[in-house]
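Student: I would like to learn how to read helix packing from a model. Please take the features in turn, with the general idea before the case.

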Amino acid sequence: MNNDIYQSPLNTRYASHEMSHNFSSQVKFETFRRLWLALAKSEKELGLNITDEQIKELQSHISDIDFDKAAEYEKILRHDVMAHVKTYGEVCPNAAGIIHLGATSCYVTDNTDIIVMRNALEIVEKKLAILIKHLSDFAIKYKDLPTLGYTHYQPAQLVTVGKRATLWIQDFLIDLEEVIYRKENLKLRGVKGTTGTQASFLKLFDNDHAKVKELEKKIVKEMGFESAVSVSGQTYTRKIDYHVLQVLSSIAQSAHKMTNDIRLLQNRKELEEPFEKTQIGSSAMAYKRNPMRCERISSLAKYVMSLVQNPQFVASTQWLERTLDDSANKRMSVPESFMAVDSILEIAINVTDGLVVYENQIKSHVNEELPFMATENILMEAVKRGGDRQELHEKIREYSMVAGRRVKEEGLDNNLLELLEKDEAFNLNKDDLNSLLDGKLYIGRCPEQVVEFIEEDVKPIISKYDTEYSVDLKV
């Protein structure tokens, strides 16, 4: 690492090599050359004066890019695409004259951007499926474990640990479906010329419109796509970038929500992210076990959600057929959004692969609140034994307030059941009351919902993915 200049933490600390490599200069400019090769091959097949030897020469120098030479040319030319045209031409002297024939810079830049984004979406898709698989296993394992449900972060009716996890899964499943949709519906910019009119190609093919259309079809197929955008200015519409980053923002939102929940539960000592034997929670407080991985996800998620504004601004301010004020923005906002989401998913996979559940602590918290939650069942049982429903309801209300004050103001245990037991109007003894305090009586269809959701909604989608994957976090 060069410590004399700024290094992006996304590269040095967080993102995977796979995603970093996808946005590397090597991949970018190899893709330029693949597009120039596809253009030359297609033009030759449609009758232009291009030889097999020139095609072979272009093919043999796809990867051996002299970046120093390209940088020298760019200093002189102030044009990155032409710098690489000349660099490619130096190692392909016989083909130098037909490189980039009829094309404008956006033929390589825009098509490359689409190709690289599709590759990046495939990486995100795979890791989302892995994350969902981890969470699904967790949900099934804890589908029956009652836990306090919360509304407004106040104790509400019971749910189960597994049912709560399905809420996280559902968000990520929506994201996965969106990723698949965006990936499968990405279109190349194609061969459109300087202002999208294809005039240069029409000139090359002597006004043969059919050949111009066939040229684009050939290149689209060669690059592994189904189609190109039907119309464009000089660039593809920048709304495509917005739609892609919108999906990444959605993933960030889902991850932020999940990790906020985990952090809240870790405070209550119910759930905990993995904590390694040699890990230090605080430089001052040696006892601490901070949820640093979930915090890191939340931090990165905020960054991703902020980046989606960039393509909004760019798409809305492109003048007429194109302005260049999208270029510097795209170079940063698109790769960094993907790199940050990749980092989020890597950490989330690690966290969900080792979530710790403290069942006794969960049961203790349930037992603290269960007497209040059981009051409806207690009321029904007392009425069955001859009690007056309205009278008993008022008594429960009054006793609940007394017990609540005892817990909140005096710091003592919840004695609601003792108060009810002593009141002969309820006609319930201690055993009767305790029989109504099994948490599983108050979880509704949580276990069934978990199983049905995983079997019917999740498995049909993630079963096609290889979900064997382990993460070795950089830090």
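Student: How do α7 and α11 lie relative to each other?

Tutor: Angles under 35 degrees count as roughly parallel, over 145 as roughly antiparallel, 65 to 115 as roughly perpendicular and the rest as oblique. Axes are lines fitted to C-alpha atoms, for helices over the stretch in contact, and angles run from 0 to 180 degrees between N-to-C directions. Helices are DSSP runs of H or I, at least four residues, and strands are runs of E, at least two, numbered from the N terminus. Here the axes of helix α7 (residues 105-141) and α11 cross at roughly 20° and come within 12 Å, so α7 and α11 are roughly parallel. The model is predicted: local features need pLDDT of at least 70, side-chain atom pairs count only at pLDDT 80 or more, and totals for chains, interfaces and linings use all residues. Residues are numbered from 1 along each chain as its sequence is written, and side-chain values use heavy atoms, with hydrogens and water left out.

Student: Which residues of α7 and α11 meet?

Tutor: Contact means heavy atoms within 4.5 Å. I114, M117, L121, V124, L128 and L135 of α7 meet I240, D241, V244, L248, I251 and M258 of α11. By class, this contact of α7 with α11 has 11 nonpolar, no polar and 1 charged residues. Ala, Val, Leu, Ile, Met, Phe, Trp, Tyr, Cys and Pro count as nonpolar, Asp, Glu, Lys and Arg as charged, and the others, Gly among them, as polar.

Student: At what angle do α11 and α12 cross?

Tutor: Helix α11 (residues 239-267) and helix α12 (residues 292-307) cross at roughly 150°, their axes coming within 8 Å. That makes α11 roughly antiparallel to α12. The contact includes L245 and L248 of α11 and I297 and A301 of α12. Its residues divide into 11 nonpolar, 6 polar and 3 charged.

Student: How are α3 and α10 oriented to each other?

Tutor: Helix α3 (residues 25-45) packs on helix α10 (residues 209-222) at about 140°, with the axes 9 Å apart; α3 and α10 are therefore oblique. Among the residues that meet are K41 and E45 in α3 and K218 and E222 in α10. The contact of α3 with α10 divides into 4 nonpolar, 1 polar and 5 charged residues.

Student: What radius of gyration does the chain have?

Tutor: The radius of gyration is taken over C-alpha atoms, and the globule rule is 2.2 Å times the number of residues to the power 0.38. The chain has 31 Å, whereas a compact globule of 475 residues would have a value near 23 Å.
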